[in-house]
Amino acid sequence: MTDVKPGFRCGYVAVIGRPNVGKSTLVNAIVGEKVSITSKKPQTTRDRVLGVVTYEDAQLVFVDTPGFQSKFKSELLRRMNRSVRSTLSDVDAVVFVIDAAVWRPEDEQVLRLLNPSATNVILVLNKTDLVKDKVALLPRLAQISAKFPFAAVVPVSAEKGRQLTDLVGEIKKLLPE
């Protein structure tokens, strides 16, 4: 057995959001290999998928969840939504992923799943590479940040690998030693 350095952090990290915001792409990019299926088709991830990445100072166990659906049309969707809800109570940190270009009513539905007094939620604005007007991101960030006491707000491009180191740094801060 290897010795664990003092201050080493380890924990579970739920990745949540509405369908097609890039949750699985984000997990794959951070883990460094394809652990979750990605597709332009919504609801590709149907069960929780685990991805583990180990750093010198931390080990992160990502729980990639299905996209939360606000319109229940089938037993499959109800089961997938239950999976998202149950994951939230079993993790040390939550990464709430939204599309950087637009805040939708479906994002609001996902936000309502979170405990308003939670201090372990990071907001991730993904797909920043697709936003043409980068200046418009600042007011959007302020508006969304006013909705919830996020521990951090990190704009990223999971597909391009941008700002992922910053995101991982923020996640590490939330994990127990």
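**Salt bridges, rings and helix packing in a predicted model**

Mentor: To begin, the charged end of Lys172 sits over the ring of Tyr55, 4.4 Å from its centre. A charge counts as sitting over a ring if NZ of Lys or CZ of Arg is within 6 Å of the ring centre and within 35 degrees of the ring normal. This is a predicted model, in which local features need pLDDT of at least 70 and side-chain atom pairs count only at pLDDT 80 or more, while totals for chains, interfaces and linings use all residues. Residues are numbered from 1 along each chain as its sequence is written, and side-chain values use heavy atoms, with hydrogens and water left out.

Trainee: Which residue forms a salt bridge with Lys172?

Mentor: Asp57 does, with the closest N and O atoms 2.9 Å apart. The pair links distant parts of the chain, 115 residues apart: Lys172 is in helix α5 (residues 164-174) and Asp57 in the loop between β2 (49-54) and β3 (58-64). A salt bridge here is a side-chain nitrogen of Lys or Arg within 4 Å of a carboxyl oxygen of Asp or Glu. Helices (H or I, at least four residues) and strands (E, at least two) are DSSP runs, numbered from the N terminus.

Trainee: And is Lys172 buried or exposed?

Mentor: Lys172 counts as buried because its relative accessibility is 16%. Buried means under 20% relative accessible area, exposed over 50%, and partly exposed in between (1.4 Å probe, protein chains only). Asp57, at 39%, is partly exposed.

Trainee: How many salt bridges are there in the whole structure?

Mentor: A search finds 5 salt bridges. One of them joins Arg18 to Asp107, again with the closest N and O atoms 2.9 Å apart. Arg18 is in the loop between β1 (9-16) and α1 (23-31), and Asp107 is in helix α3 (residues 105-113), 89 residues apart. Arg18 and Asp107 are buried.

Trainee: What about Glu108, then: which side chain does it meet in a salt bridge?

Mentor: Glu108 meets Lys147, at 3.2 Å from N to O. Glu108 lies in helix α3 and Lys147 in the loop between α4 (137-145) and β6, so the pair ties together parts 39 residues apart in sequence. Glu108 is partly exposed at 22%, and Lys147 is partly exposed at 36%.

Trainee: Changing topic: how many aromatic pairs does the search find?

Mentor: There are 3 aromatic pairs in the whole structure. The rings of Phe148 and Phe150 have centres 5.0 Å apart and planes at 45°, so this pair is tilted. Rings of Phe, Tyr and Trp (its six-membered ring) pair if their centres lie within 6.5 Å; planes under 30 degrees apart count as stacked, over 60 as edge-to-face and the rest as tilted. Phe148 and Phe150 are both buried.

Trainee: Which residues do the ring pairs link into a cluster?

Mentor: The cluster consists of Phe96, Trp103, Phe148 and Phe150.

Trainee: Back to α5. At what angle do α1 and α5 cross?

Mentor: Their axes cross at roughly 90° and come within 11 Å. That makes α1 roughly perpendicular to α5, a term covering angles of 65 to 115 degrees; those under 35 count as roughly parallel, those over 145 as roughly antiparallel and the rest as oblique. Axes are lines fitted to C-alpha atoms, for helices over the stretch in contact, and angles run from 0 to 180 degrees between N-to-C directions.

Trainee: Which residues meet there?

Mentor: Leu26, Ala29 and Ile30 in α1 meet Leu164, Leu167 and Val168 in α5. Contact means heavy atoms within 4.5 Å.
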